[in-house]
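Thanks for coming, everyone. Please have a look at the sequence and the fold on the screen. I will walk through it in a few minutes.

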Amino acid sequence: MVEQTPIKKITPTYDLSWYIKWTSSFILLIGMVLTAVEFTPLNLFFHAAGVFGWLLVGYLWHDRAMIFINSIAFAIFLVGILMNI
């Protein structure tokens, strides 16, 4: 029989970052659906809002990788929005 090691969750639960990350994830999913059905530029607004939420989560968690990737993604979506309105 294989012994299983319990996995300890280290991300916060039910604090501000928890609500932001789940809301942002659902917003990103809506953006993906809108992209799949070619509903532009509304999809860009959802993507920008979602990655901005994850940028805030990265800031709250002091996670430089999350801050880095989501700040660049936010800038990319912002350029897309500005070019399409």
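Let's start with contacts in the protein, where contact means heavy atoms within 4.5 Å. Take those between residues at least 6 apart in sequence: 50% of them join residues at least 24 apart.

A word on where this comes from. This is a predicted model, so local features need pLDDT of at least 70 and side-chain atom pairs count only at pLDDT 80 or more, while totals for chains, interfaces and linings use all residues. Residues are numbered from 1 along each chain as its sequence is written, and side-chain values use heavy atoms, with hydrogens and water left out.

Now the overall picture. The protein has three helices and zero strands. Helices here are DSSP runs of H or I, at least four residues, and strands are runs of E, at least two, numbered from the N terminus. From the N terminus, the order is α-α-α.

How far does the C-alpha trace span along its principal axes? About 60 × 30 × 20 Å. The radius of gyration is 16 Å, whereas a compact globule of 85 residues would have one near 12 Å. That radius is taken over C-alpha atoms, and the globule rule is 2.2 Å times the number of residues to the power 0.38.

Next, burial. Buried means under 20% relative accessible area, exposed means over 50%, and partly exposed is in between, with a 1.4 Å probe and protein chains only. Buried residues make up 27% of the 85 residues.

First helix, α1, residues 16–36. Its 21 residues should span 30 Å at 1.5 Å a residue, and its end C-alpha atoms are 30 Å apart, so the two agree. The expected span is 1.5 Å times one less than the number of residues. Among the buried residues of α1 are Trp-18, Ile-20, Leu-28 and Leu-34. The buried residues of α1 pack against α2. Just after α1, Glu-38 takes a positive phi of about 55°.

On to α2, residues 42–61. Its 20 residues should span 28 Å, and the ends are 29 Å apart, which agrees. Its buried residues include Leu-44, His-47, Val-51 and Leu-55. What covers the buried residues of α2? The cover includes α1 and α3. Tyr-59 also sits in α2, but Tyr-59 is exposed, because its relative accessible area is 59%. After α2 comes His-62, with a positive phi near 55°.

Last helix, α3, residues 64–84. Asp-63 caps its N-terminal end: a side-chain oxygen lies 3.1 Å from the backbone nitrogen of Ala-65. The buried residues of α3 are Met-66, Asn-70, Ala-73, Gly-80 and Ile-81. Why do they count as being on the same side of α3? Because they cover an arc of only 100° around the axis. That arc is taken from the directions from the helix axis to the C-beta atoms. The face turned away from the buried side carries exposed residues, Phe-68 and Ile-76 among them.

Asn-70 counts as buried because its relative accessibility is 10%. Leaving aside neighbours within four places in sequence, Asn-70 is in contact with Val-51, Trp-54 and Leu-55. Ala-73 is buried too, at 16%. Ala-73 and Phe-52 are 21 residues apart in sequence, yet 8.5 Å apart in space, C-alpha to C-alpha.

Note on methods:
A polar contact is a pair of N or O atoms within 3.5 Å; within protein, one must be able to donate a hydrogen and the other to accept it, and residues adjacent in sequence count only if both atoms are side-chain atoms.
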